[in-house]
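Me: I would like to learn how to read the fold of a chain from its model. Where do I start?
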Amino acid sequence: MIDAHIHLDDKRFDADRGELIKQAQDIGIKQFIVPAVRASGFAGLKQLSEQYNSIIPSYGLHPYFISQHSKDDIKYLDMWLTANKSCAIGECGLDYFRKDLDKDIQQYYFAAQIELAKKYNLPLILHARGAVDAVYVTLKNAHYFNVMIHSYNGSLEQTRALLNYGVKFSFGGAICNPNAHKLHKLVKYCPIDSIMFETDAPDQNLYPDFRLRNEPINLLKILEFYAKLTTQDLQLVQQKSTEVLQKYLNLNAQPSSRYRNAD
Ligand SMILES: [Zn+2]
């Protein structure tokens with residue numbers, strides 16, 4: 001298994017990161033896609049990925065932190081991508097759920113990162129909270145759909161449109177809430193070759209312990225829940241979702257072809 005979205009660089013993991021990675025690996029979670037959220041975190045994430053082979057970094061600028069980003073951060077991200085391995089660009093996107101985040105400024109950073117994704121031929125790891133329509137329109141205008149939307153929750157209509165463009169979706173602990181009927185319908189609607197799974201740890205702990213820290217081992221619980229929900233074999237689900245992620249992020253490619261500057 002691979003965790004499609006986990007903030008293992010978060011300081012809430014500083015005290016026991018190594019132990020948690022080992023626990024996860026012991027139950028078959030081999031790799032972790034770790035998206036950066038702001039420029040000040042790039043160097044720390046790079047260092048962690050050197051310390052732990054299982055950490056696969058992606059660099060980007062998250063809409064939550066627009067007050068901390070500057071236009072120079074786009075230039076910095078561009079430079080960073082020429083010199084450092086990144087499996088994707090992100091976490092980036094739009095958040096219309098939080099009302100304190102200026103939509104135009106979010107749009108500026110999102111559009112700029114789509115251009116970088118085109119330049120480096122990299123997929124995007126997207127955040128689209130309360131903003132699936134706006135994300136869709138932006139991608140359409142940019143003619144770029146090499147994206148996955150993490151912690152996805154859209155309508156069936158939106159999902160159908162995105163699936164037509166080959167968009168991938170990642171689902172997390174929210175699906176384990178027995179009351180999340182709408183989300184369950186959505187998860188069942190998505191073909192297995194379009195989905196992957198994530199913890200988004202340390203956030204989004206599983207039902208009902210929302211206030212506790214989410215941990216890497218919970219990926220297995222999410223997959224177990226999904227397998228049960230869709231009456232599929234757990235092993236098959238583990239294998240399929242791993243393959244979707246490997247293919248999407250080109251994880252099996254040789255470093256020389258995978259990354260712009262191989263080392
Ligand atoms: Zn995230």
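The dialogue below goes from the whole chain to its sheet.

Reply: Keep in mind that this is a predicted model. Start with the secondary structure: the chain has 10 helices and eight strands.

Me: How does the radius of gyration of the chain relate to the globule rule?
Reply: Compare the value with the rule for that length. Here the radius of gyration is 17 Å, close to the 18 Å given by the globule rule for 263 residues, so the chain is as compact as a globular protein of that length. The C-alpha trace spans about 45 × 40 × 35 Å along its principal axes.

Me: What share of the residues is buried?
Reply: Of the 263 residues in the chain, 43% are buried. Now look at contacts with a separation of 6 or more: 70% of them link residues 24 or more positions apart.

Me: How do I read a sheet, and in what order do the strands of the open sheet run?
Reply: Strands of a sheet pair through backbone hydrogen bonds, either parallel or antiparallel. In this chain, five strands form an open sheet in the order β4-β5-β6-β7-β8, with parallel pairing.

Me: Which strands stand at the edges?
Reply: β4 (89–95) and β8 (195–197) do. Each has a single partner strand, so one side of each lacks a neighbour in the sheet. The twist from one strand to the next averages 30°.

Me: How many bridges join β4 to β5?
Reply: Five bridges join β4 to β5 (residues 124–129), and the two run parallel. Aspartate 95 stands opposite arginine 129 in β5.

Me: Which strands does helix α9 touch?
Reply: Helix α9 (residues 234–248) packs on the sheet and touches β6 (147–150), β7 (168–171) and β8. The direction of α9 makes about 105° with that of β8.

Key: Residues are numbered from 1 along each chain as its sequence is written. This is a predicted model: local features need pLDDT of at least 70, side-chain atom pairs count only at pLDDT 80 or more; totals for chains, interfaces and linings use all residues. Helices (H or I, at least four residues) and strands (E, at least two) are DSSP runs, numbered from the N terminus. The radius of gyration is taken over C-alpha atoms; the globule rule is 2.2 Å times the number of residues to the power 0.38. A residue is buried if 20 or more other C-beta atoms lie within 10 Å of its own, exposed if 12 or fewer, and partly exposed in between; C-beta atoms are placed from the backbone. Two residues are in contact if their C-beta atoms, placed from the backbone, lie within 7 Å. Two strands pair if DSSP finds at least two bridges between them. Axes are lines fitted to C-alpha atoms, for helices over the stretch in contact, and angles run from 0 to 180 degrees between N-to-C directions.
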